[in-house]
Amino acid sequence: MRRITLFGANGPTGRLLTGQALAAGHRVTAVTRHPAAFPLRHERLDVAAADVLDAAAVDAVVEGRDAVLSALGVPAGRAAISTYSRGTANIVAAMDRHRVRRLVVVSSSGVDPRPYPGAGWVFNRLLLPYVTRVLGRTMYDDMRRMEALVRAGDLDWTIVRPSALYHSPSVSDYTVVKGHADARFTARVDLAASMLALLDDDRYLRTTVSVVTTFDNPTVLQWARGEASGHR
């Protein structure tokens, strides 16, 4: 059993990750700004009211833990975003102070966009540039700052880059790849499962990995419709 602190616990990936960690026998501190809205209850679950931008609050929920998972998420938009970098700076500082070594953080394949084989001209030349350079520019810029900060430290870190996230009911036979993966989609349940599995996998220490869902991926249109219907 590990004592895990999870930031971004009330997001769609965070909730899945909390449930999986509890099912695996871990003790979880789920960090959220809105604890009353957190849907899970368990004898090994502590729901902590804290803002990742509050250094003192972060320090309090990191002390005495064995590992930290960050599934922070901020909606894409054109306004400036700093939650990823500022929040992760607080997390790293607290981990250094309390000698907590293991850190797994979610980033995105959008920080290093590349054309996908077989995706077609519309996706590679229109949709991908629009999402990464216009719609999500400030978000991906801050994720890059976050990644640089994590790499500059001396923790036992892993940066996880999923592709376009979508809802799926169960964990698949997903794939973890060092560096970039030529895959457009990642099921959130697989992202959560991979983060939990990485805690016990020393092959990916101080490494950036991609998580690939290889089975039953949606089409781009299905993905867009699913996100619009609330599977976020």
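Q: Which residues is serine 210 in contact with, leaving aside neighbours within four places in sequence?
A: Start with the term: contact means heavy atoms within 4.5 Å. Serine 210 is in contact with Arg161, Thr175, Val176, Val177, Gly179, His180 and Ala181, once neighbours within four places in sequence are left aside. A word on the source: this is a predicted model, where local features need pLDDT of at least 70, side-chain atom pairs count only at pLDDT 80 or more, and totals for chains, interfaces and linings use all residues. Residues are numbered from 1 along each chain as its sequence is written, and side-chain values use heavy atoms, with hydrogens and water left out.

Q: Where does serine 210 lie?
A: Helices (H or I, at least four residues) and strands (E, at least two) are DSSP runs, numbered from the N terminus. Serine 210 belongs to strand β10.

Q: Is serine 210 buried or exposed?
A: Buried means under 20% relative accessible area, exposed over 50%, and partly exposed in between (1.4 Å probe, protein chains only). Serine 210 has 6% relative accessibility, so it counts as buried.

Q: Which backbone atom does the side chain of serine 210 reach?
A: Think of polar contacts here. One is a pair of N or O atoms within 3.5 Å; within protein, one must be able to donate a hydrogen and the other to accept it, and residues adjacent in sequence count only if both atoms are side-chain atoms. The side chain of serine 210 reaches the backbone nitrogen of alanine 181, at 3.5 Å.

Q: Where is threonine 213 found, and what does its side chain join?
A: Threonine 213 sits in the loop between β10 and α7 (220-228). Its side chain makes a polar contact of 2.8 Å with the side chain of aspartate 190. Not counting residues up to four places away in sequence, threonine 213 touches Tyr166, Ser172, Phe185, Thr186, Ala187 and Asp190. The relative accessible area of threonine 213 is 2%, so this residue is buried.

Q: In what order do the strands of the sheet stand?
A: Pairing comes before order. Two strands pair if DSSP finds at least two bridges between them. Here eight strands form an open sheet, in the order β3-β2-β1-β4-β5-β6-β10-β8, with mixed pairing. The edges are β3 (45-49) and β8 (175-178); each has a single partner strand, so one side of each lacks a neighbour in the sheet. From one strand to the next, the twist averages 20°.

Q: How many bridges join β4 to β5?
A: Four bridges link strand β4 (residues 67-70) with strand β5 (residues 102-106), and the two run parallel. Serine 70 faces valine 105 in β5.

Q: How many bridges join β5 to β6, and β6 to β10?
A: β5 and β6 pair in the parallel sense over five bridges. Valine 104 has threonine 158 in β6 as its bridge partner. β6 and β10 run parallel too, joined by five bridges. Valine 160 has valine 209 in β10 as its bridge partner. Six of the seven residues of β6 are buried, so this strand is largely enclosed by the rest of the structure.

Q: Which strands do helices α2 and α5 lie across?
A: To read the angles, note that axes are lines fitted to C-alpha atoms, for helices over the stretch in contact, and angles run from 0 to 180 degrees between N-to-C directions. Helix α2 (residues 55-62) lies across β1 (3-7), β2 (27-32), β3 and β4, at about 150° to β1. Helix α5 (residues 137-152) lies across β5, β6 (156-162) and β10 (207-212), at about 155° to β6.

Q: What is the phi of arginine 99, and of arginine 206?
A: Arginine 99 is not a glycine, yet has a positive phi of about 55°. The loop between α3 (83-98) and β5 holds arginine 99. With a relative accessible area of 75%, arginine 99 is exposed. Arginine 206 also has a positive phi of about 55°, although not a glycine. The loop between α6 (188-198) and β10 holds arginine 206. At 40% relative accessibility, arginine 206 counts as partly exposed.

Q: How many helices and strands does the protein chain have, and what is its radius of gyration?
A: The protein chain has seven helices and 10 strands. The radius of gyration is taken over C-alpha atoms; the globule rule is 2.2 Å times the number of residues to the power 0.38. With 232 residues, a compact globule would have a radius of gyration near 17 Å, and the protein chain agrees at 17 Å. Of its 232 residues, 49% count as buried.
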